[in-house]
Amino acid sequence: MSTHPPVERGFPAPVTSAGVVAERRPRVLVVGDALLDGWVSGPARRTGRDGPVPVIELNDARTAPGGAANTAAALAALGAEVELVAVLGDDHDGRTLRRALAEAGVRTDRCVLDPARPTTAKRRVMAGDPPEHLVARFDVTSPPMGTAASRALADQVTDALAEDRDAVLVADYGLGALCERVRRRLDRARSRMSLLVVDAHELRPWAALHPDAVTPSAEEAARLLAEPEPSGDRVAWAAARHRALVEASGGAEVLLTLDVDGVVQLPRGDAVPVHQAAAGAAPASRACGAGDVFTAAWTASRASGAEPAVAAALAQAAADVAVSRGGTVVCTTGALTARLAAADPGAVLGHHDLLSVLAEHRAAGHRVVFTNGCFDVLHRGHVAYLRQARRLGDLLVVALNSDASVSRLKGPTRPVNPLEDRAGVIGALSAVDLVTAFEADSPVELLELVRPDVYAKGGDYTPEMLPETPVVEALGGEVRILDYLADHSTSAIVARAQALASRGGAE
(Lines give C-alpha, C1' and ligand atoms only; values in the text may rest on other atoms or scores of the structure.)
Protein backbone atom coordinates (compact mmCIF):
# COMPACT_ATOMS: atom_id res chain seq x y z
CA MET A 1 0.00 0.00 0.00
CA SER A 2 1.12 3.54 -0.71
CA THR A 3 -0.02 6.81 0.75
CA HIS A 4 0.53 10.39 -0.28
CA PRO A 5 0.41 13.53 1.87
CA PRO A 6 -2.21 16.20 1.28
CA VAL A 7 0.15 18.38 -0.70
CA GLU A 8 -1.36 21.50 0.67
CA ARG A 9 0.71 22.17 1.35
CA GLY A 10 3.88 20.74 2.02
CA PHE A 11 5.74 21.43 5.21
CA PRO A 12 5.75 25.16 5.92
CA ALA A 13 7.54 25.84 9.12
CA PRO A 14 5.85 24.07 10.78
CA VAL A 15 2.52 22.52 9.74
CA THR A 16 -0.08 20.35 11.33
CA SER A 17 -1.36 17.20 9.66
CA ALA A 18 -4.03 19.32 7.93
CA GLY A 19 -1.44 21.58 6.37
CA VAL A 20 -2.23 24.49 8.68
CA VAL A 21 0.65 26.57 9.99
CA ALA A 22 1.21 25.67 13.62
CA GLU A 23 1.30 28.28 16.35
CA ARG A 24 4.97 27.64 17.07
CA ARG A 25 7.93 25.75 15.74
CA PRO A 26 8.54 22.25 17.13
CA ARG A 27 11.38 22.08 19.64
CA VAL A 28 13.72 19.17 19.01
CA LEU A 29 16.81 17.99 20.88
CA VAL A 30 19.37 16.01 18.84
CA VAL A 31 21.90 13.87 20.72
CA GLY A 32 24.54 11.93 18.86
CA ASP A 33 27.71 11.60 16.83
CA ALA A 34 28.51 14.82 14.95
CA LEU A 35 31.04 14.94 12.15
CA LEU A 36 32.20 17.14 9.30
CA ASP A 37 31.63 16.07 5.70
CA GLY A 38 33.92 17.49 3.03
CA TRP A 39 34.55 17.36 -0.69
CA VAL A 40 37.47 18.38 -2.86
CA SER A 41 36.99 18.23 -6.62
CA GLY A 42 38.39 19.18 -9.97
CA PRO A 43 39.09 17.86 -13.45
CA ALA A 44 41.42 14.89 -13.95
CA ARG A 45 43.24 15.20 -17.27
CA ARG A 46 46.31 13.06 -16.61
CA THR A 47 47.78 10.39 -14.39
CA GLY A 48 50.65 10.89 -12.01
CA ARG A 49 54.27 10.01 -12.71
CA ASP A 50 54.60 8.64 -9.22
CA GLY A 51 51.82 6.10 -9.71
CA PRO A 52 48.89 5.11 -11.95
CA VAL A 53 46.47 7.48 -10.25
CA PRO A 54 44.48 10.44 -11.57
CA VAL A 55 45.89 13.88 -10.84
CA ILE A 56 43.06 16.10 -9.61
CA GLU A 57 43.41 19.78 -10.50
CA LEU A 58 41.72 21.13 -7.39
CA ASN A 59 39.24 23.89 -8.14
CA ASP A 60 36.61 23.44 -5.44
CA ALA A 61 36.48 22.49 -1.77
CA ARG A 62 33.46 22.55 0.49
CA THR A 63 32.25 21.18 3.80
CA ALA A 64 28.89 20.49 5.43
CA PRO A 65 27.60 19.17 8.75
CA GLY A 66 27.44 15.37 8.82
CA GLY A 67 25.98 12.67 11.04
CA ALA A 68 23.97 14.05 13.95
CA ALA A 69 25.03 17.55 12.89
CA ASN A 70 23.42 17.02 9.48
CA THR A 71 20.25 15.74 11.12
CA ALA A 72 20.15 18.87 13.28
CA ALA A 73 20.72 21.15 10.28
CA ALA A 74 17.98 19.29 8.36
CA LEU A 75 15.54 19.86 11.20
CA ALA A 76 16.37 23.56 11.31
CA ALA A 77 15.88 23.84 7.54
CA LEU A 78 12.37 22.43 8.01
CA GLY A 79 11.48 25.06 10.59
CA ALA A 80 12.23 23.35 13.90
CA GLU A 81 13.97 24.93 16.88
CA VAL A 82 16.97 22.64 17.27
CA GLU A 83 19.64 22.05 19.87
CA LEU A 84 22.51 19.63 19.30
CA VAL A 85 24.38 17.92 22.13
CA ALA A 86 27.52 16.18 20.90
CA VAL A 87 31.28 15.94 21.46
CA LEU A 88 33.52 17.95 19.12
CA GLY A 89 37.25 18.35 18.93
CA ASP A 90 38.74 21.70 19.81
CA ASP A 91 40.30 21.95 16.37
CA HIS A 92 39.87 23.58 12.95
CA ASP A 93 37.26 21.04 11.81
CA GLY A 94 35.34 21.47 15.04
CA ARG A 95 35.28 25.24 14.63
CA THR A 96 34.22 24.87 10.99
CA LEU A 97 31.39 22.56 12.04
CA ARG A 98 30.18 24.85 14.83
CA ARG A 99 30.20 27.80 12.44
CA ALA A 100 28.16 25.87 9.86
CA LEU A 101 25.65 24.83 12.49
CA ALA A 102 25.29 28.38 13.74
CA GLU A 103 24.61 29.53 10.18
CA ALA A 104 21.98 26.80 9.90
CA GLY A 105 20.27 28.03 13.06
CA VAL A 106 21.25 25.10 15.30
CA ARG A 107 22.05 25.80 18.95
CA THR A 108 25.37 24.19 19.98
CA ASP A 109 26.26 25.82 23.29
CA ARG A 110 25.83 22.51 25.14
CA CYS A 111 28.26 20.66 22.86
CA VAL A 112 31.31 19.35 24.71
CA LEU A 113 34.76 20.33 23.41
CA ASP A 114 37.29 17.56 23.93
CA PRO A 115 40.90 18.66 23.24
CA ALA A 116 42.04 15.03 23.39
CA ARG A 117 39.91 13.94 20.40
CA PRO A 118 39.91 15.36 16.88
CA THR A 119 36.57 16.14 15.26
CA THR A 120 35.48 13.19 13.15
CA ALA A 121 35.64 14.12 9.46
CA LYS A 122 34.97 12.38 6.15
CA ARG A 123 36.40 13.96 3.01
CA ARG A 124 35.73 12.76 -0.51
CA VAL A 125 37.88 13.31 -3.59
CA MET A 126 35.78 13.89 -6.70
CA ALA A 127 37.23 13.87 -10.21
CA GLY A 128 36.06 15.12 -13.58
CA ASP A 129 33.65 17.73 -14.81
CA PRO A 130 30.08 17.55 -13.51
CA PRO A 131 28.75 15.00 -12.99
CA GLU A 132 31.89 14.11 -11.04
CA HIS A 133 32.77 10.64 -9.80
CA LEU A 134 34.20 9.56 -6.48
CA VAL A 135 37.89 8.66 -6.57
CA ALA A 136 38.71 8.24 -2.89
CA ARG A 137 37.63 9.11 0.64
CA PHE A 138 39.85 9.81 3.61
CA ASP A 139 38.58 9.89 7.18
CA VAL A 140 39.69 11.44 10.44
CA THR A 141 38.40 9.17 13.20
CA SER A 142 38.28 9.87 16.90
CA PRO A 143 39.48 7.55 19.65
CA PRO A 144 37.05 6.51 22.41
CA MET A 145 35.97 9.27 24.76
CA GLY A 146 37.73 9.60 28.05
CA THR A 147 35.89 9.51 31.36
CA ALA A 148 35.88 13.29 31.77
CA ALA A 149 34.39 13.90 28.33
CA SER A 150 31.71 11.21 28.73
CA ARG A 151 30.67 12.64 32.11
CA ALA A 152 30.54 16.14 30.67
CA LEU A 153 28.41 14.95 27.76
CA ALA A 154 26.04 13.05 30.06
CA ASP A 155 25.64 16.16 32.24
CA GLN A 156 24.86 18.30 29.21
CA VAL A 157 22.27 15.79 28.03
CA THR A 158 20.62 15.87 31.47
CA ASP A 159 20.54 19.67 31.48
CA ALA A 160 19.12 19.78 27.94
CA LEU A 161 16.38 17.28 28.81
CA ALA A 162 15.26 19.50 31.68
CA GLU A 163 13.78 21.85 29.05
CA ASP A 164 10.45 21.14 27.39
CA ARG A 165 10.91 19.37 24.05
CA ASP A 166 8.45 18.20 21.43
CA ALA A 167 10.86 15.49 20.35
CA VAL A 168 14.25 13.95 21.18
CA LEU A 169 16.18 12.48 18.27
CA VAL A 170 19.11 10.14 18.91
CA ALA A 171 21.61 9.87 16.03
CA ASP A 172 23.99 7.05 16.92
CA TYR A 173 26.59 6.40 14.22
CA GLY A 174 28.73 4.18 16.40
CA LEU A 175 31.45 6.82 16.82
CA GLY A 176 31.46 6.63 20.61
CA ALA A 177 29.51 9.65 21.82
CA LEU A 178 26.45 7.68 22.89
CA CYS A 179 28.14 5.54 25.51
CA GLU A 180 26.34 3.63 28.25
CA ARG A 181 26.56 6.59 30.64
CA VAL A 182 24.70 8.83 28.15
CA ARG A 183 22.11 6.13 27.44
CA ARG A 184 21.39 5.84 31.18
CA ARG A 185 20.72 9.58 31.40
CA LEU A 186 18.35 9.36 28.45
CA ASP A 187 16.61 6.37 30.03
CA ARG A 188 16.04 8.24 33.29
CA ALA A 189 14.33 11.06 31.41
CA ARG A 190 12.35 8.77 29.07
CA SER A 191 9.00 9.39 30.79
CA ARG A 192 9.30 13.12 30.04
CA MET A 193 9.85 12.60 26.28
CA SER A 194 6.67 12.93 24.26
CA LEU A 195 8.46 11.62 21.16
CA LEU A 196 11.73 9.67 21.09
CA VAL A 197 13.17 8.80 17.66
CA VAL A 198 16.30 6.65 17.34
CA ASP A 199 18.47 6.51 14.21
CA ALA A 200 21.25 4.06 15.11
CA HIS A 201 23.65 1.77 13.34
CA GLU A 202 23.14 -0.69 16.20
CA LEU A 203 19.55 -0.61 17.44
CA ARG A 204 19.70 -3.38 20.03
CA PRO A 205 21.16 -1.22 22.88
CA TRP A 206 18.32 1.28 22.41
CA ALA A 207 15.44 -1.19 22.68
CA ALA A 208 15.41 -0.83 26.49
CA LEU A 209 14.39 2.84 26.08
CA HIS A 210 11.29 1.80 24.09
CA PRO A 211 11.60 4.45 21.36
CA ASP A 212 8.50 5.76 19.64
CA ALA A 213 10.16 5.26 16.26
CA VAL A 214 13.38 3.90 14.77
CA THR A 215 14.71 4.47 11.25
CA PRO A 216 17.00 1.58 10.28
CA SER A 217 18.35 0.75 6.85
CA ALA A 218 17.83 -2.78 5.51
CA GLU A 219 21.31 -3.72 6.69
CA GLU A 220 20.66 -2.36 10.20
CA ALA A 221 17.26 -4.06 10.40
CA ALA A 222 18.76 -7.40 9.36
CA ARG A 223 21.51 -7.02 11.94
CA LEU A 224 18.88 -6.32 14.62
CA LEU A 225 17.25 -9.68 13.76
CA ALA A 226 20.62 -11.45 13.39
CA GLU A 227 19.78 -12.26 9.77
CA PRO A 228 21.61 -11.77 6.46
CA GLU A 229 20.88 -8.52 4.67
CA PRO A 230 17.98 -9.06 2.19
CA SER A 231 19.04 -9.38 -1.43
CA GLY A 232 15.67 -9.81 -3.16
CA ASP A 233 12.37 -7.98 -2.67
CA ARG A 234 13.22 -5.85 0.34
CA VAL A 235 9.67 -4.48 0.71
CA ALA A 236 8.26 -8.00 1.00
CA TRP A 237 11.13 -8.94 3.33
CA ALA A 238 10.21 -6.07 5.64
CA ALA A 239 6.48 -6.82 5.61
CA ALA A 240 7.15 -10.46 6.50
CA ARG A 241 9.19 -9.36 9.54
CA HIS A 242 6.83 -6.62 10.69
CA ARG A 243 6.14 -7.92 14.20
CA ALA A 244 9.67 -9.21 14.76
CA LEU A 245 11.21 -5.82 13.93
CA VAL A 246 8.76 -3.89 16.10
CA GLU A 247 9.39 -6.23 19.03
CA ALA A 248 13.20 -6.27 18.62
CA SER A 249 13.32 -2.46 18.54
CA GLY A 250 11.53 -2.16 21.86
CA GLY A 251 8.01 -1.73 20.53
CA ALA A 252 8.85 1.17 18.26
CA GLU A 253 7.25 2.10 14.97
CA VAL A 254 9.84 0.95 12.44
CA LEU A 255 10.51 3.18 9.43
CA LEU A 256 12.65 0.96 7.26
CA THR A 257 14.56 3.16 4.78
CA LEU A 258 15.41 1.35 1.55
CA ASP A 259 17.13 4.07 -0.54
CA VAL A 260 15.90 3.49 -4.14
CA ASP A 261 12.94 1.45 -2.84
CA GLY A 262 11.66 4.24 -0.60
CA VAL A 263 10.48 3.49 2.93
CA VAL A 264 8.33 0.81 4.54
CA GLN A 265 6.37 1.97 7.56
CA LEU A 266 5.89 -0.87 10.07
CA PRO A 267 3.45 0.46 12.67
CA ARG A 268 2.91 -0.71 16.20
CA GLY A 269 -0.36 -2.50 16.89
CA ASP A 270 -2.57 -4.08 14.26
CA ALA A 271 -2.08 -1.59 11.41
CA VAL A 272 -0.67 -3.03 8.19
CA PRO A 273 2.67 -2.00 6.66
CA VAL A 274 2.68 0.98 4.30
CA HIS A 275 5.18 1.36 1.46
CA GLN A 276 6.11 4.86 0.31
CA ALA A 277 8.02 4.71 -2.98
CA ALA A 278 11.03 6.87 -3.76
CA ALA A 279 10.91 9.35 -6.63
CA GLY A 280 13.51 7.42 -8.62
CA ALA A 281 16.85 5.68 -8.58
CA ALA A 282 20.04 7.59 -7.80
CA PRO A 283 23.68 6.55 -7.40
CA ALA A 284 24.90 5.85 -3.88
CA SER A 285 27.29 8.82 -4.12
CA ARG A 286 24.26 11.13 -4.22
CA ALA A 287 22.49 9.56 -1.26
CA CYS A 288 24.91 10.86 1.37
CA GLY A 289 22.84 12.22 4.25
CA ALA A 290 19.45 11.38 2.70
CA GLY A 291 18.64 9.12 5.65
CA ASP A 292 19.35 12.01 8.03
CA VAL A 293 16.96 14.21 6.06
CA PHE A 294 14.28 11.51 6.14
CA THR A 295 14.57 11.11 9.91
CA ALA A 296 14.57 14.88 10.45
CA ALA A 297 11.49 15.44 8.27
CA TRP A 298 9.57 12.60 9.91
CA THR A 299 10.43 13.87 13.38
CA ALA A 300 9.56 17.49 12.60
CA SER A 301 6.30 16.47 10.97
CA ARG A 302 5.21 14.23 13.84
CA ALA A 303 6.26 16.85 16.38
CA SER A 304 3.99 19.30 14.54
CA GLY A 305 1.01 16.98 14.76
CA ALA A 306 1.05 15.10 11.45
CA GLU A 307 -0.33 11.57 11.34
CA PRO A 308 2.32 8.83 10.95
CA ALA A 309 1.44 7.98 7.33
CA VAL A 310 1.53 11.65 6.30
CA ALA A 311 4.81 12.13 8.15
CA ALA A 312 6.35 9.16 6.31
CA ALA A 313 5.25 10.53 2.94
CA LEU A 314 6.59 13.99 3.72
CA ALA A 315 9.86 12.49 4.94
CA GLN A 316 10.29 10.43 1.77
CA ALA A 317 9.65 13.52 -0.34
CA ALA A 318 12.31 15.42 1.65
CA ALA A 319 14.78 12.57 1.14
CA ASP A 320 14.01 12.63 -2.60
CA VAL A 321 14.95 16.32 -2.64
CA ALA A 322 18.24 15.60 -0.87
CA VAL A 323 19.14 12.79 -3.27
CA SER A 324 18.30 14.91 -6.31
CA ARG A 325 20.88 17.50 -5.26
CA GLY A 326 23.76 15.25 -4.28
CA GLY A 327 26.27 15.68 -1.47
CA THR A 328 25.29 16.12 2.17
CA VAL A 329 22.45 18.59 1.80
CA VAL A 330 19.31 19.52 3.69
CA CYS A 331 15.81 20.01 2.35
CA THR A 332 14.28 23.41 3.01
CA THR A 333 10.55 24.01 3.44
CA GLY A 334 10.51 25.69 0.04
CA ALA A 335 12.19 22.76 -1.69
CA LEU A 336 9.83 20.29 -0.03
CA THR A 337 6.77 22.34 -0.90
CA ALA A 338 7.98 22.57 -4.51
CA ARG A 339 8.41 18.79 -4.64
CA LEU A 340 4.91 18.19 -3.28
CA ALA A 341 3.36 20.83 -5.53
CA ALA A 342 4.96 19.18 -8.57
CA ALA A 343 3.40 15.88 -7.49
CA ASP A 344 -0.05 17.51 -7.29
CA PRO A 345 -0.31 20.17 -10.02
CA GLY A 346 -3.87 21.05 -9.02
CA ALA A 347 -2.89 22.11 -5.50
CA VAL A 348 -3.68 25.72 -4.63
CA LEU A 349 -0.60 26.98 -2.82
CA GLY A 350 -1.10 29.37 0.05
CA HIS A 351 0.90 32.57 -0.21
CA HIS A 352 3.37 31.49 2.49
CA ASP A 353 4.14 28.29 0.62
CA LEU A 354 4.24 30.05 -2.74
CA LEU A 355 6.89 32.46 -1.53
CA SER A 356 8.95 29.57 -0.11
CA VAL A 357 8.87 27.79 -3.47
CA LEU A 358 9.75 30.94 -5.38
CA ALA A 359 12.70 31.57 -3.07
CA GLU A 360 14.11 28.19 -4.14
CA HIS A 361 13.66 29.04 -7.81
CA ARG A 362 15.20 32.48 -7.44
CA ALA A 363 18.19 30.97 -5.66
CA ALA A 364 18.66 28.88 -8.82
CA GLY A 365 18.48 32.03 -10.99
CA HIS A 366 15.05 31.29 -12.47
CA ARG A 367 12.93 33.98 -14.10
CA VAL A 368 9.40 34.17 -12.64
CA VAL A 369 6.35 34.93 -14.81
CA PHE A 370 3.03 35.80 -13.16
CA THR A 371 -0.47 36.07 -14.53
CA ASN A 372 -3.95 36.07 -13.02
CA GLY A 373 -7.57 35.69 -13.94
CA CYS A 374 -10.83 33.87 -13.29
CA PHE A 375 -10.17 31.05 -15.80
CA ASP A 376 -13.72 29.89 -15.17
CA VAL A 377 -14.37 27.84 -18.31
CA LEU A 378 -11.04 26.98 -19.89
CA HIS A 379 -10.95 27.52 -23.66
CA ARG A 380 -8.50 27.61 -26.55
CA GLY A 381 -7.65 31.25 -25.98
CA HIS A 382 -6.62 30.55 -22.38
CA VAL A 383 -4.37 27.67 -23.41
CA ALA A 384 -2.62 29.67 -26.14
CA TYR A 385 -2.19 32.63 -23.81
CA LEU A 386 -0.70 30.53 -20.98
CA ARG A 387 1.72 28.80 -23.35
CA GLN A 388 2.91 32.17 -24.60
CA ALA A 389 3.28 33.48 -21.04
CA ARG A 390 5.35 30.44 -20.01
CA ARG A 391 7.87 31.14 -22.78
CA LEU A 392 8.71 34.47 -21.14
CA GLY A 393 10.57 32.85 -18.24
CA ASP A 394 11.51 29.70 -16.37
CA LEU A 395 8.28 29.13 -14.49
CA LEU A 396 4.72 30.42 -14.65
CA VAL A 397 2.61 31.28 -11.62
CA VAL A 398 -1.15 31.51 -12.21
CA ALA A 399 -3.19 33.32 -9.55
CA LEU A 400 -6.91 32.52 -9.66
CA ASN A 401 -9.64 34.82 -8.42
CA SER A 402 -11.50 33.25 -5.50
CA ASP A 403 -15.13 32.23 -6.04
CA ALA A 404 -16.34 35.32 -4.19
CA SER A 405 -14.09 37.55 -6.30
CA VAL A 406 -15.38 35.97 -9.54
CA SER A 407 -18.98 36.60 -8.44
CA ARG A 408 -18.23 40.25 -7.74
CA LEU A 409 -16.54 40.69 -11.10
CA LYS A 410 -18.75 38.54 -13.34
CA GLY A 411 -22.15 38.43 -11.62
CA PRO A 412 -24.03 36.14 -9.26
CA THR A 413 -24.23 33.21 -11.72
CA ARG A 414 -20.47 32.89 -11.85
CA PRO A 415 -18.20 31.08 -11.39
CA VAL A 416 -19.47 28.14 -13.35
CA ASN A 417 -16.67 26.05 -11.79
CA PRO A 418 -15.50 26.44 -8.18
CA LEU A 419 -11.90 27.30 -7.33
CA GLU A 420 -10.84 23.71 -6.64
CA ASP A 421 -12.02 22.58 -10.10
CA ARG A 422 -10.54 25.59 -11.88
CA ALA A 423 -7.19 24.98 -10.16
CA GLY A 424 -7.23 21.31 -11.09
CA VAL A 425 -7.72 22.09 -14.77
CA ILE A 426 -5.23 24.98 -14.91
CA GLY A 427 -2.62 23.05 -12.94
CA ALA A 428 -2.85 20.13 -15.36
CA LEU A 429 -1.57 22.27 -18.23
CA SER A 430 2.11 21.72 -19.00
CA ALA A 431 2.63 25.49 -19.31
CA VAL A 432 1.60 26.12 -15.69
CA ASP A 433 4.07 25.49 -12.87
CA LEU A 434 2.35 26.87 -9.75
CA VAL A 435 -1.23 27.80 -8.88
CA THR A 436 -2.37 30.13 -6.12
CA ALA A 437 -5.49 32.18 -5.39
CA PHE A 438 -6.43 35.61 -4.10
CA GLU A 439 -9.57 37.10 -2.55
CA ALA A 440 -9.37 40.71 -3.72
CA ASP A 441 -10.66 41.95 -7.07
CA SER A 442 -7.14 43.03 -8.01
CA PRO A 443 -3.91 41.04 -7.59
CA VAL A 444 -1.89 44.12 -6.58
CA GLU A 445 -1.21 42.96 -3.01
CA LEU A 446 -0.15 39.52 -4.24
CA LEU A 447 2.12 41.07 -6.86
CA GLU A 448 3.85 43.05 -4.12
CA LEU A 449 4.58 39.75 -2.36
CA VAL A 450 5.62 37.75 -5.42
CA ARG A 451 7.63 40.49 -7.16
CA PRO A 452 7.58 38.72 -10.56
CA ASP A 453 10.14 39.36 -13.25
CA VAL A 454 7.30 39.43 -15.80
CA TYR A 455 3.60 40.22 -15.38
CA ALA A 456 1.65 38.83 -18.34
CA LYS A 457 -1.90 39.76 -19.40
CA GLY A 458 -4.08 38.94 -22.37
CA GLY A 459 -4.23 41.08 -25.51
CA ASP A 460 -7.58 42.64 -24.67
CA TYR A 461 -5.68 44.98 -22.34
CA THR A 462 -3.04 47.66 -22.73
CA PRO A 463 -0.42 48.40 -20.06
CA GLU A 464 -2.04 51.77 -19.41
CA MET A 465 -5.35 50.06 -18.62
CA LEU A 466 -3.84 47.95 -15.87
CA PRO A 467 -3.63 49.26 -12.29
CA GLU A 468 -0.97 46.60 -11.76
CA THR A 469 1.48 48.17 -14.24
CA PRO A 470 2.97 50.87 -11.97
CA VAL A 471 3.25 48.35 -9.13
CA VAL A 472 5.12 45.79 -11.23
CA GLU A 473 7.43 48.36 -12.77
CA ALA A 474 8.18 49.91 -9.37
CA LEU A 475 9.27 46.43 -8.22
CA GLY A 476 11.67 46.11 -11.15
CA GLY A 477 9.50 43.83 -13.29
CA GLU A 478 8.08 44.26 -16.76
CA VAL A 479 4.52 44.07 -18.08
CA ARG A 480 3.93 42.04 -21.23
CA ILE A 481 0.68 42.10 -23.21
CA LEU A 482 0.18 38.85 -25.06
CA ASP A 483 -1.70 37.94 -28.24
CA TYR A 484 -5.47 38.13 -28.26
CA LEU A 485 -7.70 35.50 -29.86
CA ALA A 486 -10.99 37.05 -30.89
CA ASP A 487 -14.27 35.24 -30.07
CA HIS A 488 -12.60 33.15 -27.38
CA SER A 489 -13.90 34.27 -24.00
CA THR A 490 -15.56 32.56 -21.08
CA SER A 491 -18.44 35.03 -21.12
CA ALA A 492 -19.12 34.27 -24.78
CA ILE A 493 -19.05 30.51 -24.12
CA VAL A 494 -21.43 30.86 -21.17
CA ALA A 495 -23.75 33.07 -23.27
CA ARG A 496 -23.82 30.52 -26.09
CA ALA A 497 -24.52 27.71 -23.63
CA GLN A 498 -27.40 29.68 -22.11
CA ALA A 499 -28.82 30.43 -25.55
CA LEU A 500 -28.70 26.76 -26.54
CA ALA A 501 -30.34 25.76 -23.27
CA SER A 502 -33.04 28.37 -23.82
CA ARG A 503 -33.84 27.13 -27.34
CA GLY A 504 -33.91 23.55 -26.13
CA GLY A 505 -36.30 24.48 -23.34
CA ALA A 506 -38.63 26.34 -25.76
CA GLU A 507 -38.91 23.28 -27.97
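Is Val254 buried or exposed? In this predicted model, in which residues are numbered from 1 along each chain as its sequence is written, local features need pLDDT of at least 70, side-chain atom pairs count only at pLDDT 80 or more, and totals for chains, interfaces and linings use all residues. Side-chain values use heavy atoms, with hydrogens and water left out. Val254 has a relative accessible area of 2% and is buried, where buried means under 20% relative accessible area, exposed means over 50% and partly exposed lies in between, computed with a 1.4 Å probe on protein chains only. The residue belongs to strand E15 (residues 253-257); strands (E, at least two residues) and helices (H or I, at least four residues) are DSSP runs numbered from the N terminus. Apart from its neighbours within four places in sequence, Val254 is in contact with Val214, Pro216, Leu245, Val246, Ser249, Val264, Gln265 and Leu266, a contact being heavy atoms within 4.5 Å. Pro273, which is 19 residues from Val254 in sequence, is 9.7 Å from Val254 in space, C-alpha to C-alpha.

For the protein chain as a whole, the secondary structure comes to 17 helices and 22 strands, and buried residues make up 51% of the 507 residues.

The interior can be described through its nonpolar cores, a nonpolar core being a set of buried Ala, Val, Leu, Ile, Met, Phe, Trp, Tyr and Cys residues joined through side-chain atoms within 4.5 Å. The largest nonpolar core has 53 residues, and those with the most contacts inside it are Val30, Leu75, Val82, Leu84 and Trp298. Helix H9 supplies the largest share of this core, 10 residues. A second, separate core of 43 residues includes Val87, Met193, Leu203 and Leu224. When neighbours within four places in sequence are left aside, Trp298 is in contact with Leu195, Val197, Ala213, Glu253, Leu255, Pro308, Ala311, Ala312 and Ala315.

Helix packing was examined around H10. The axes of helix H9 (residues 308-325) and helix H10 (residues 333-343) come within 9 Å and cross at roughly 105 degrees, the axes being lines fitted to C-alpha atoms, for helices over the stretch in contact, and the angles running from 0 to 180 degrees between N-to-C directions. H9 and H10 are therefore roughly perpendicular to each other, since angles under 35 degrees count as roughly parallel, over 145 as roughly antiparallel, 65 to 115 as roughly perpendicular and the rest as oblique. On the H9 side the contact is made by Leu314, Ala317, Ala318, Asp320, Val321, Ser324 and Arg325, and on the H10 side by Ala335, Leu336, Arg339 and Leu340. By class, this contact of H9 with H10 has seven nonpolar, one polar and three charged residues, where Ala, Val, Leu, Ile, Met, Phe, Trp, Tyr, Cys and Pro count as nonpolar, Asp, Glu, Lys and Arg as charged, and the others, Gly among them, as polar.

H10 also packs with H11, at an angle of about 100 degrees and with the axes 8 Å apart, so H10 and H11 are roughly perpendicular to each other. In this pairing Thr333, Gly334, Ala335, Thr337 and Ala338 of H10 meet Asp353, Ser356, Val357 and Glu360 of H11, and by class the contact has three nonpolar, four polar and two charged residues. Within H10, Thr333, Gly334, Ala335, Leu336, Thr337, Leu340 and Ala341 are buried, and the buried residues of H10 pack against helix H1 (68-77), H9, helix H11 (351-363) and strand E20 (434-438).

Charged side chains form a further set of links. The structure holds 28 salt bridges, a salt bridge being a side-chain nitrogen of Lys or Arg within 4 Å of a carboxyl oxygen of Asp or Glu. One of them joins the side chains of Glu57 and Arg45 (2.5 Å, N to O); Glu57 lies in the loop between strand E4 (54-56) and strand E5 (60-67) and Arg45 in strand E3 (residues 44-47), so the pair ties together parts that are 12 residues apart in sequence. Glu57 is partly exposed, with a relative accessible area of 32%, whereas Arg45, at 59% relative accessibility, counts as exposed. Glu83, Arg107, Asp109, Arg110, Glu163 and Arg165 are linked in a network of salt bridges.
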